[in-house]
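Hello,

Here is the structure I said I would pass on. My notes on it follow below.

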Amino acid sequence: MDKTIKFETAPGRGYDKKQVDALLESAKRQYENPDQAILRASDLRGLRLDLVKGGYLIAQVDVALDNLEDHFSFTEVLAFKKRYGENELAKRYSELKDALTPRLKKAKAKRFTKVSFLARGYDKKKVDELCDRLSSHFAGKSKVKVSEIRRVQFSSRRSGYSMPQVDSFLDRVIEALQLEISE
């Protein structure tokens, strides 16, 4: 991370420049000192940056953050493997996969909590389609990439699935997929 990352300014609202610059400075320190836990992959996954007028272009920052998350995840998994061994890593992946699978096996339209008729949630049909793909992936029948999960967008509907619950589940899916990449 010798070179400074430059982002374009968004024509409207974009990510707060001070927040992004501070985050990248922390990432640089983490990158230069991998034994220190300054920033973790999970910190980047759940990150919410403020949107402000004249901020950085969102798409460019998102790509950089995804790359950082992948890098930190990979180094964290390698460190785990070095410290605890291949068998413990496989066990960790298996436990995570086993935690995800029951929800994937539930009937369509019943995989997540449904919000009330007056509230809006994620489109159940689209979420279920993704869950079917994930089920196929974890059964070894197809492949789903981390980038697909990161970029998935669901429209909102009345009586849809609980957004926080689906988002939390997808964070765990990303964690599992990153463990697969590191194997």
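**A buried histidine**

H137 counts as buried, because its relative accessibility is 4% and the cut-off for buried is under 20%. Please keep in mind that this is a predicted model. H137 belongs to helix α5, which covers residues 124-138. If neighbours within four places in sequence are set aside, the residues in contact with H137 are S142, K143, V144, L177 and E180.

P164 is part of helix α7. I also looked at P164 together with E95. Their C-alpha atoms are 22 Å apart, and 69 residues separate the two along the chain.

**Aromatic rings**

How many aromatic pairs does a search of the whole structure find? The search gives 5. Among them is the pair formed by F112 and F169, which is edge-to-face, with 5.4 Å from centre to centre and 75° between the planes. An angle over 60 degrees is what counts as edge-to-face. F112 sits in the loop between α4 (86-105) and β3 (120-122), while F169 sits in helix α7 (residues 163-182), so this pair ties together parts that are 57 residues apart in sequence. Both F112 and F169 are buried. Together with Y161, F112 and F169 make up one aromatic cluster.

**Charges over rings**

Two arginines are worth a look here. R92 lies over the face of F80, and the distance to the ring centre is 4.8 Å. In the case of R158, the charged end sits over the ring of F117, at 5.9 Å from the centre of that ring.

**Two helices side by side**

The last item is about helix α1 (residues 17-32) and helix α3 (residues 58-84). Their axes come within 12 Å and cross at roughly 25°. Angles under 35 degrees count as roughly parallel, and α1 and α3 are therefore roughly parallel to each other. Their crossing is left-handed. Which residues make the contact? On the α1 side they are V20, L23, L24, A27, Q30 and Y31. On the α3 side they are V61, L65, L68, H71 and F72.

That is the end of my notes.

Regards

Terms used:
Residues numbered from 1 in each chain as written. Predicted model: local features only at pLDDT ≥ 70, side-chain atom pairs only at ≥ 80, totals over all residues. Heavy atoms only, no water. Phe/Tyr/Trp six-rings, centres within 6.5 Å; stacked < 30°, edge-to-face > 60°. Helix = DSSP H or I, 4+ residues; strand = E, 2+ residues; numbered from the N terminus. Buried < 20%, exposed > 50% of the residue type's maximum accessible area, 1.4 Å probe, protein only. Lys NZ or Arg CZ within 6 Å of the ring centre and 35° of its normal. Contact = heavy atoms within 4.5 Å. Axes fitted to C-alpha atoms, helices over the stretch in contact; angles between N-to-C directions. Parallel < 35°, antiparallel > 145°, perpendicular 65-115°, else oblique. Left-handed = near helix turned anticlockwise from the far one by under 90°.
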